[in-house]
Amino acid sequence: SGAWIISKENFMQRGINKWISFLKLRGSWGKVGNDGIIKDPRFVYMPEIIGGPGYMDPEPGSQQQLSRKEVKNYGDPDVKWEVSEQLNLGLETRFFKDILEVNLDLYQEIRHNIIEQRVTIPAQVGVEVNPLDNLGKIRARGLDLSAKVQHSFSNDFWIILNGTFTYNKAEYRDIEEAANKPKWQKKVGHEISQQIGYIAEGVFRDQAEIDNSPRQGGDVMPGDIRYRDLNGDGVIDVNDATYIGFPTTPRVIYGFSGFFNFKNIEFSFAFQGSGKRAFFMNPTSISPFVNNRAMLKAIYDDHWSSDNMTERPFWPRLSTQSISVHNPQEAWSGAEERRSTYFMRECSFLRCTSIELAYNLPREFLQRLRMQTVKFYARVNNPFLITNFKVWDVELGDSGFNYPIQRTWSVGLNISF
């Protein structure tokens, strides 16, 4: 690692230091090892055999219960630690006699030797469980930006403003995958939390369109979802799923807060938000009428019907059965859980987490009462949310049925002697 305080150089003293009071450039590179990257099995290098399931003796007339051992881990004596290689470039600045402070960090982290199960072992080998090995490589790149404004205009008026912004993108660079996987399902080059799923092209308009479209399973009728046949084989199946949308983990996270003091009055606020994130509604959890489930207002307002034959309504046709009966692609099942773009939204939000207004009694009055501080305040937590997703609070999960984030109002008095 190394750093260069540029603001101390002679050429910075020629007028530039009047508005740049501090300027520092730094960089670092390093490698660290991690041996705690997998919890089970605890010791990857050791073979492990455990008790297997019981079964009945297949000999006719025998009622004997038999048991056998099974392999949990074959052990890899050559297994290595996961290695994290990190590169960081930073810039620290202060402007206008330290009124404004801005810090920027650019980073890259490459993780090598990630332990994964092998998947390209021929069946003829006869292994009971796929062995573990150092196979994966992941690269994460991003930036962290922070800014602060702190200034006193007078003894009675001063402000503090803070802001942060983080961008991160982590993607697979190398990983062992099945040789017969379609190229559009390969993990390399895609982000870690990016979802694999089907591309929805809208809903079927009539029976003629169903008859002339690829077969996709389910009790398909006009108003059901239509999917894209990626491999062109005339059937919608697992081979037609591909990587869709942004990752489910936000690429962008940001926040800002402020504090103002004018004479005896204080005002503060705080916001936080995120963006560049794919948000999926779980259609089987919000299917109306199933298990006496009520209908969301969003479904009531915009579902496919003879009066609303739009290409992509919020909800396809209504049914007393779960949507997965008509569109099995929406069941969210399988070893690699597959979803669809029909219920995917690019989600961003900005939440106001708190607003507070306070009044401090004048110091002259406090001296007569022999008190140090008396502060009256009014505070509201989570007063409002700005988002492009209006159906429910995006932080409540894929169905919106979790316990809601509370908006609270409070009025108080702080006294110290």
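Tyr-359 counts as partly exposed, because its relative accessibility is 36% (partly exposed lies between buried, under 20%, and exposed, over 50%, with a 1.4 Å probe and protein chains only). This residue lies in strand β18 (a strand is a DSSP run of E, at least two residues, numbered from the N terminus).

The model is predicted: local features need pLDDT of at least 70, side-chain atom pairs count only at pLDDT 80 or more, and totals for chains, interfaces and linings use all residues. Residues are numbered from 1 along each chain as its sequence is written, and side-chain values use heavy atoms, without hydrogens and water.

**Aromatic rings**

A search of the whole structure finds 18 aromatic pairs (ring centres of Phe, Tyr or the six-membered ring of Trp within 6.5 Å; planes under 30 degrees apart are stacked, over 60 edge-to-face, the rest tilted). Phe-256 and Phe-271 are stacked, because their centres are 4.9 Å apart and their planes are at 15°. Phe-256 lies in strand β15 and Phe-271 in strand β16, so the pair ties together parts 15 residues apart in sequence. Phe-256 is partly exposed at 34% relative accessibility. Phe-271 is buried at 17%. Ring pairs also link Phe-256 and Phe-271 into a cluster with Phe-260, Phe-267, Phe-269 and Phe-384.

**Charges over rings**

Two arginines sit over phenylalanine rings (NZ of Lys or CZ of Arg within 6 Å of the ring centre and within 35 degrees of the ring normal).

| Charge | Ring | Distance from ring centre |
|---|---|---|
| Arg-94 | Phe-22 | 4.3 Å |
| Arg-339 | Phe-280 | 5.3 Å |

Notes
Helices (H or I, at least four residues) and strands (E, at least two) are DSSP runs, numbered from the N terminus.
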